[in-house]
Amino acid sequence: MSAPDVVITLPDGAQKSVPAGTTVAEFVRTHIGAGLAKAALFARVDGVDVDLARPLDRSAQLAIFTAKNPESLELIRHDAAHVVASVVQRLFPGTQVTIGPSTDDGFYYDFARDKPFTPEDLELIERAANEEIKADRPFVRKEVTKDEALALFGGLGEKFKLEIIEDIFAKGATTLTLYSHGEWTDFCLGPHGPSTARVGVIKLLSVAGAYWRGDHRNAQLQRIYGTAFHTQKDLDAWVHQQEEARKRDHRKLGKELDLFAFHPAAPGAVFWTAHGTMIFTTLQYAMRRMCLANGYVEIKTPLLFNKMLWEKSGHWGKYRENMFLILDPEADPKLPEEERASFSLKPMNCPSHHLFFEMKRRSYRELPLRLHTQDVLHRNEATGVLSGLTRVRQFQQDDAHIYLMESQITDEVKRLTQLIAKVYQAFGLQFTAKFATRPENKLGDDALWDKAEAALKAALEETGLAYELKPGDGAFYGPKIDFDVADSIGRKWQLGTIQLDYLAPERFNLGYIGPDNAEHRPVVIHRAIYGSFERFIGILIEHFAGNFPVWLAPVQARLLPVAERHHAWAEEVQAKMLAAGLRVEIDRSHGKLGAMIRDAQLAKIPYALVVGDKEVEAGGVSPRKHGTGKEADLGLLALDAFLAQIGREAEIPY
RNA sequence: GCUGGCGUAGCUCAACCGGUAGAGCACCUGACUUGUAAUCAGGAGGUCGCGGGUUCGAGUCCCACCGCCAGCUCCA
């Protein structure tokens, strides 16, 4: 009895009729062509990714993916994770497998093994994995029942797999999909490529600890990171690109350009050099100016507070681990530290702003009251998370707390997102927005959270900004919108944030007198645009690769006198530029011009100004823009003309 | 905090199987007075992260601590 026909629609609209049950591979071979049949890696049937061996059992839209489609990288990396896990279990018997997904630019696989994998082990595994690829073993798909799955992985002694199987069936699955290549079997949703040979080439990158199910109370596993590409050439190109990205690393550039330093005596706290400080204070000034232009006032509050404040704000209960405590010398040394503590350095500005708000009677006419602060904060971060400027223990935020009426929330959030977008665009930074809801470790009842989340979400949607949902990622006092920017090696960092807080006004018993002459409770928005100056500068260093725009460059121009007789004119030019508020220095070394140019280039100074006989005679300078090639040399310019040009570039763009 | 790796001159990096710590750049001195990415010569610079141990002898091997790097947990 022949199967009924099904109609397959291709992306170009063409339709083919084939007997139901024809596999995708057969279909491609007979109805499209041998070339594509050979190149195909997986298929998409009605939007669902499937293996080529899948039968077409109903009429559907069909698209075929090959190595030319970017989507296929994710597939071969998932294949690669299976290949790596199979050779690890062969080379290191007794190792248990857990999970192994693909990531943005590779994959990882988490293993449970008593002994750590050494770098030498990784080499061994990588070699064996690439041999497994060459062995060209087909990926075979099979569906089994829960009992079959439990029997299979139970027989192999895979405890973690058994746990996952229980979960999958508890969530309502009726079967489990197995994928085997050679003797080795794992389960996953798939799809996989036709065979291991199609993976291309695998490179293992590192081994690191990871917790089972991401919970630090669970067993620690060993995570092997790797990546895979269709060809060695693609892999080489990626490796080269990674090396280039590492040259932008702010920790490296910070040293080379002499912007900041760290000392073991103060881990996680920055020493800013004269150059770094210039960037820092320029950003501070720019933000102050913008805040003043947008209805904020700047205030300063104490750094050190009695713990009574933190008890009131809730930080004592929810955030104490991250706070630097000052112990009372009189207290009984046998008591635990938190009981001996009398004061703490502030980890956030909000509680002190709330105190400031309640220091006097407030009127509805003052709202929204926007308090801006750039005070120093301290957070006792775990040693392992410190990282250059992006994660520190002492930092300053461009922080603000906005006290307003509920009816003003939408408008204020819209204004804020516009402000944030404006600042990021001035730097050319690409950002993504995330909406984070109540965390497990939260303060306040669900009714308050429902209200805060709904209000913030409604305001966010009014702005029309695309956003990602992050359930459980909110602050302990309220939901938030975070703005993330990626660093040079693709790690995402949170910079700006908008947080809605109904709770603090309750805890601090904040009130304002409304038009009805009655007392009302305000709402608070916590917000930062740069996030922290430290992290923001770290991101900027990488974003610009150290080539700061003129307005932000620590040194905006360097004068290069060709010979000693030109120093007098160089000094005159410098005096004029300094008077115009520009940052300019003179190279007094006795090098050749070529050497001075090279030094200025390496220091990434926006303008090198050559002054020699011609310039002295003409009363001008010959600027050379930072960069390479002939176009960098701007030729002889009258001093006024150059001052006008650099003056425009020195203006703050927001 | 956890897992793994690393720590030699201001910077970048050498130093074999345990046997007297070295280079380039930067710095200082002198000569050169220079036109768009490196002038030449000389000099100075080290508690090999810190502390213990093994050894006739430790930068090298072992232990503990500090810091840094990657990842995890956590976060601006």
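**RNA surface and salt bridges**

Helix H19 gives the largest share of the surface near RNA strand B, 7 residues. Near means that a heavy atom of the residue lies within 4 Å of the strand. Helices (H or I, at least four residues) and strands (E, at least two) are DSSP runs, numbered from the N terminus.

Before going on, the conventions. This is a predicted model, where local features need pLDDT of at least 70 and side-chain atom pairs count only at pLDDT 80 or more, while totals for chains, interfaces and linings use all residues. Residues are numbered from 1 along each chain as its sequence is written, chains are lettered from A and ligands numbered from 1 in the order in which they are written, and side-chain values use heavy atoms, with hydrogens and water left out.

Back to the RNA. By class, the surface has 20 nonpolar, 17 polar and 18 charged residues; here Ala, Val, Leu, Ile, Met, Phe, Trp, Tyr, Cys and Pro count as nonpolar, Asp, Glu, Lys and Arg as charged, and the others, Gly among them, as polar.

What share of the RNA atoms within 4 Å of the protein belongs to sugar or phosphate? It is 51%, and the rest belong to bases. On the base side, Glu381 places a polar side-chain atom 3.2 Å from a base nitrogen, and a side-chain N or O atom of Arg624 is 2.8 Å from a base oxygen.

Now the salt bridges, each a side-chain nitrogen of Lys or Arg within 4 Å of a carboxyl oxygen of Asp or Glu. The count is 36.

Glu244 pairs with Lys247, with the closest N and O atoms 2.9 Å apart. Why are these two about one helical turn apart? Because they sit 3 residues apart in helix H7 (residues 232-247).

Asp249 and Arg251 form another, at 2.6 Å between the closest N and O atoms. Asp249 is buried at 11% relative accessibility, whereas Arg251 is partly exposed at 33%. Buried is under 20% relative accessible area, exposed over 50%, partly exposed in between (1.4 Å probe, protein chains only).

Finally, Arg438, Lys442, Asp446, Asp450 and Glu453 are linked in a salt-bridge network.

Notes. Polar contact = N/O pair within 3.5 Å; in protein donor to acceptor, adjacent residues only side chain to side chain.
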